[in-house]
Amino acid sequence: MEKTVFEKSNIRNYVKNVIAEKIEKLKNFIEFTLEASRDIKKTPKYDSMREEMQEEIYQMQKQLGALNDLRRNLLKVLPAATPERIQLGSLVITNKARFYISVSLGEFFFEGDRFYAISPESPMAKKMMGMKSGEEFTLNKIHQKIVEVI
């Protein structure tokens with residue numbers, strides 16, 4: 001990986017916007033499905049279809065709750081000064097990947113580069129917590145060296 005300068009606040013804002021977009025999209029899907037379920041004829045013939053739509057709405061509402069939890073958890077990740085050691089809110093560049101320790105959003109691309117937004121509770125984050133640039137670790141038989149902590 002070539003040396004690139006990353007602005008942590010820009011990455012944080014990007015993650016925040018991705019979560020907000022997913023929430024908005026899910027709200028629109030829920031509203032659309034609710035409207036469609038109201039339009040189905042009120043006859044026994046269509047009861048099973050209405051039940052399926054209600055189940056779909058329930059599942060989407062669970063997803064919406066999880067996304068709202070992600071948004072709340074991201075508020076706890078303060079854009080603090082660059083620490084020497086890895087902690088919540090750190091942007092960690094290893095010789096294999098880039099990790100933003102914040103919320104469990106998973107893989108995302110920012111300005112053409114691949115990142116992983118991971119929860120501080122994830123095995124990867126737990127392994128890296130407290131480490132600093134230059135240190136090495138192995139997780140799941142994959143050896144990585146911490147190149148930079150932002």
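Mentor: Helices (H or I, at least four residues) and strands (E, at least two) are DSSP runs, numbered from the N terminus. This is a predicted model, so local features need pLDDT of at least 70 and side-chain atom pairs count only at pLDDT 80 or more, while totals for chains, interfaces and linings use all residues. Residues are numbered from 1 along each chain as its sequence is written, and side-chain values use heavy atoms, with hydrogens and water left out.

Trainee: OK, in what order do the six strands of the open sheet run?

Mentor: The order is E3-E4-E2-E1-E6-E5, with mixed pairing. At the edges, pairing on one side only, are strand E3 (106–110) and strand E5 (136–139). From one strand to the next the twist averages 35°, with angles taken from 0 to 180 degrees between N-to-C directions of axes, which are lines fitted to C-alpha atoms, for helices over the stretch in contact.

Trainee: How do E3 and E4 pair, parallel or antiparallel?

Mentor: Antiparallel, over five bridges, with strand E4 covering residues 113–118. Gly 106, for one, has Ala 117 in E4 as its bridge partner.

Trainee: And what does helix H1 lie across?

Mentor: Helix H1 (residues 8–39) lies across strand E1 (91–94), strand E2 (98–101), E3 and E4, at about 120° to E3. Contact there means heavy atoms within 4.5 Å.

Trainee: Switching to aromatics: how many pairs are there?

Mentor: Five aromatic pairs. Rings of Phe, Tyr and Trp (its six-membered ring) pair if their centres lie within 6.5 Å; planes under 30 degrees apart count as stacked, over 60 as edge-to-face and the rest as tilted.

Trainee: Why is the pair of Phe 108 and Phe 115 called stacked?

Mentor: Because their ring centres are 5.5 Å apart and the planes meet at 15°. Phe 108 and Phe 115 also belong to one aromatic cluster with Tyr 14 and Phe 110.

Trainee: Last one, Gln 144. Buried or exposed?

Mentor: Buried, because its relative accessible area is 5%; the cut-offs are under 20% for buried, over 50% for exposed and partly exposed in between (1.4 Å probe, protein chains only). Gln 144 is in strand E6 (residues 142–149).

Trainee: Which residues does Gln 144 touch?

Mentor: Leaving out residues up to four places away in sequence, they include Thr 94, Phe 99, Met 124 and Phe 137.

Technical notes: Pairing = 2+ DSSP bridges.
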